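Please work through the exercises below with the sequence and the coordinates open, and try each task before reading its solution.

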Amino acid sequence: MSGGAAGRVAALDLGAKRIGVAYSDSGRTLASPWGTIQRSGDAVRDRRTVVDAVREIEASTVVVGLPLSLSGEAGPAARAALEEAAALRALLEPLGVRVETADERFTTVEAERSLAAAGRRGKAARKVVDSAAAMVLLQSWLDQA
């Protein structure tokens with residue numbers, strides 16, 4: 001985690017079908033949902049789309065959600081997220097964008113609860129749960145920075 005850096009932060013919730021994206025204000029106090037990136041099945045194309053989103057957001061840091069197991073161990077999903085973070089790091093760091101990972105346990109559950117409390121369930125919730133999970137991840141990261 002980086003406490004002293006400046007600029008917006010983007011967060012990514014990596015899913016099999018979609019990548020949820022959230023961003024912070026430049027003061028790094030509040031996370032907001034940006035939207036989702038539909039996976040194309042082509043990892044290179046998807047990474048380019050992520051880079052485009054990060055540029056649009058004007059983020060200086062990207063936080064990639066790390067889905068650790070309940071015991072805190074890195075299973076297959078976490079290892080895949082670490083590989084994806086490394087691939088994004090290779091693309092973004094030459095542009096001056098730092099890439100790091102953060103524990104994302106319970107972010108989707110918390111996002112689903114928040115959406116349900118706001119009256120969004122079923123299909124309406126599925127459309128935004130990924131960006132809401134990225135927002136929960138990012139807000140947690142910001143609060144700890």
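The model is predicted, so local features need pLDDT of at least 70 and side-chain atom pairs count only at pLDDT 80 or more, while totals for chains, interfaces and linings use all residues. Residues are numbered from 1 along each chain as its sequence is written, and side-chain values use heavy atoms, with hydrogens and water left out.

**Exercise 1. Describe the secondary structure and the exposure of the protein.**

Step one is to list the elements, taken as DSSP runs numbered from the N terminus (helices: H or I, at least four residues; strands: E, at least two). The protein has four helices and five strands, and along the sequence these follow the pattern β-β-β-α-β-α-β-α-α.

Step two is to turn to burial, where buried means under 20% relative accessible area, exposed over 50%, and partly exposed in between (1.4 Å probe, protein chains only). Of the 145 residues in the protein, 39% are buried.

Step three concerns contacts, defined by heavy atoms within 4.5 Å. Among those between residues at least 6 apart in sequence, 62% join residues at least 24 apart.

**Exercise 2. Work out the order of the strands and place the helices against the sheet.**

Begin with the pairing: two strands pair if DSSP finds at least two bridges between them. The five strands form an open sheet with the order 3-2-1-4-5 and mixed pairing, in which strand 3 (31-38) and strand 5 are the edge strands, each pairing on one side only.

Next, examine individual pairs. Strand 1 and strand 4 run parallel over five bridges, with R8 opposite A59 in strand 4. Strand 4 and strand 5 (residues 98-103) are also paired in the parallel sense, over six bridges, and here V64 stands opposite T101 in strand 5.

Helix 1 lies across strand 1, strand 2, strand 3 and strand 4, and runs at about 155 degrees to strand 3. Helix 2 packs on the sheet with contacts to strand 1, strand 4 and strand 5, and its direction makes about 165 degrees with that of strand 4.

**Exercise 3. Identify which residues touch the most other members of the largest nonpolar core, and which elements supply it.**

Start from the definition: a nonpolar core is a set of buried Ala, Val, Leu, Ile, Met, Phe, Trp, Tyr and Cys residues joined through side-chain atoms within 4.5 Å. The largest such core has 18 residues, of which L12, V50, V54, V62, V64 and L92 touch the most other members. Strand 1 (8-14), strand 2 (18-24), helix 1 (43-57), strand 4 (59-66) and helix 2 (76-92) each supply at least two residues of this core, and the largest share, five residues, comes from helix 1.

**Exercise 4. Is P67 buried, partly exposed or exposed, and what does P67 touch?**

First locate P67, which is found in the loop between strand 4 and helix 2. Its relative accessibility is 24%, so P67 counts as partly exposed.

Then list the contacts beyond four places in sequence, which for P67 are A77, A78, A81 and E104. As a distance check, P67 and A80 are 13 residues apart in sequence and 9.4 Å apart in space, C-alpha to C-alpha.

Technical notes
Axes are lines fitted to C-alpha atoms, for helices over the stretch in contact, and angles run from 0 to 180 degrees between N-to-C directions.
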